[in-house]
Amino acid sequence: CLFPLLAYEKFDLSISSLGGYFTLMSIINIVLSQPCAWISDKFGRKQTMVPAAFITATGVGLMPFATTEPQLLSLIVVYAIGGALLGSGPTALITDISTDKSKGQALALLRSAGDIGLMLGPSILGFLSFHTDISIAMVTGAAILSMSGIQFAYIASNPPINQNNVPKIGLFEKIKKFFRRKK
């Protein structure tokens with residue numbers, strides 16, 4: 001979320017150059033989405049999503065320290081590769097651990113959590129950037145992403161892939177129980 005600000009402030013990139021960077025990220029995501037989904041299917045959601053969080057965090061956390069445009073471009077590529085690896089994992093994990101009856105609700109919860117992150121993340125990091133420095137904000141964002149990867153590594157189960165009736169454990173079941181309790 002802070003990349004455009006960094007690109008403008010530090011590298012004085014034009015709007016069209018910035019658009020080129022975003023286009024490159026999208027192209028990488030399109031090209032790698034199927035291979036990354038295959039990796040997730042082959043090796044497991046957790047084994048793919050945890051490294052992906054760290055790859056993405058590395059790209060974001062090092063961007064403020066780039067001193068040349070080729071360095072920035074390299075970090076954009078690292079960020080985009082991590083994002084492609086992270087792309088299909090959460091949705092696939094939710095479909096793996098939910099039943100056919102609860103799939104829609106589970107995916108809606110995932111989407112809502114993502115939207116909350118998209119609301120809070122840029123607001124908090126933008127505030128931090130405004131009151132401190134963009135480098136501090138971007139490193140903080142990378143640290144938060146890394147912490148979520150660590151949390152996922154320790155908390156998330158690694159269910160069998162593509163099974164509808166796997167045992168339900170973890171946060172999703174706790175949330176379901178909370179909403180199903182009698183009032």
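Colleague: Let me begin with accessibility: is aspartate 100 buried or exposed?

Modeller: A residue is called buried under 20% relative accessible area, exposed over 50% and partly exposed in between, using a 1.4 Å probe and protein chains only. Aspartate 100, with a relative accessible area of 54%, is exposed. Please keep in mind that this is a predicted model, in which local features need pLDDT of at least 70 and side-chain atom pairs count only at pLDDT 80 or more, while totals for chains, interfaces and linings use all residues. Residues are numbered from 1 along each chain as its sequence is written, and side-chain values use heavy atoms, with hydrogens and water left out.

Colleague: Which residue forms a salt bridge with aspartate 100, and how many salt bridges are found in the whole structure?

Modeller: A salt bridge here means that a side-chain nitrogen of Lys or Arg lies within 4 Å of a carboxyl oxygen of Asp or Glu. A search of the whole structure finds four of them. One joins aspartate 100 to lysine 103, where the closest N and O atoms are 3.9 Å apart; lysine 103 itself counts as buried, at 18% relative accessibility. Some of the bridges share partners, and in this way Asp41, Arg45 and Asp96 are joined into one network.

Colleague: Where in the chain are arginine 45 and aspartate 96, and how far apart are their N and O atoms in the salt bridge?

Modeller: The side chains of arginine 45 and aspartate 96 meet at 2.7 Å, N to O. This pair links distant parts of the chain, since arginine 45 is in helix H3 and aspartate 96 is in helix H5, 51 residues apart. Helices are DSSP runs (H or I, at least four residues), numbered from the N terminus, as are strands (E, at least two). Arginine 45 also meets the side chain of aspartate 41, again at 2.7 Å, N to O. Arginine 45 is buried, with a relative accessible area of 2%, and aspartate 96 is buried with a value of 2%, whereas aspartate 41, at 39%, counts as partly exposed.

Colleague: Turning to helix packing, at what angle do H5 and H6 pack?

Modeller: Two packed helices are described by the angle between their axes and the distance between the axes. The axes are lines fitted to C-alpha atoms, for helices over the stretch in contact, and angles run from 0 to 180 degrees between N-to-C directions. Helix H5 (residues 89-97) and helix H6 (residues 103-131) pack at about 150 degrees, with axes 9 Å apart. Their contact (heavy atoms within 4.5 Å) is made by Pro90, Thr91, Ile94 and Thr95 of H5, and by Lys103, Ala106, Leu107 and Leu110 of H6.

Colleague: Which residues of H5 are buried, and what do they pack against?

Modeller: The buried residues of H5 are Gly89, Ala92, Leu93, Ile94, Asp96 and Ile97. They pack against several helices, among them H6 and helix H7 (134-155).

Colleague: How far apart are the axes of H6 and H7, and which residues make the contact?

Modeller: The axes of H6 and H7 are 7 Å apart, and the helices pack at an angle of about 150 degrees. Leu125, Leu128 and Ser129 of H6 make the contact with Ile134, Ile136, Ala137, Thr140 and Gly141 of H7.
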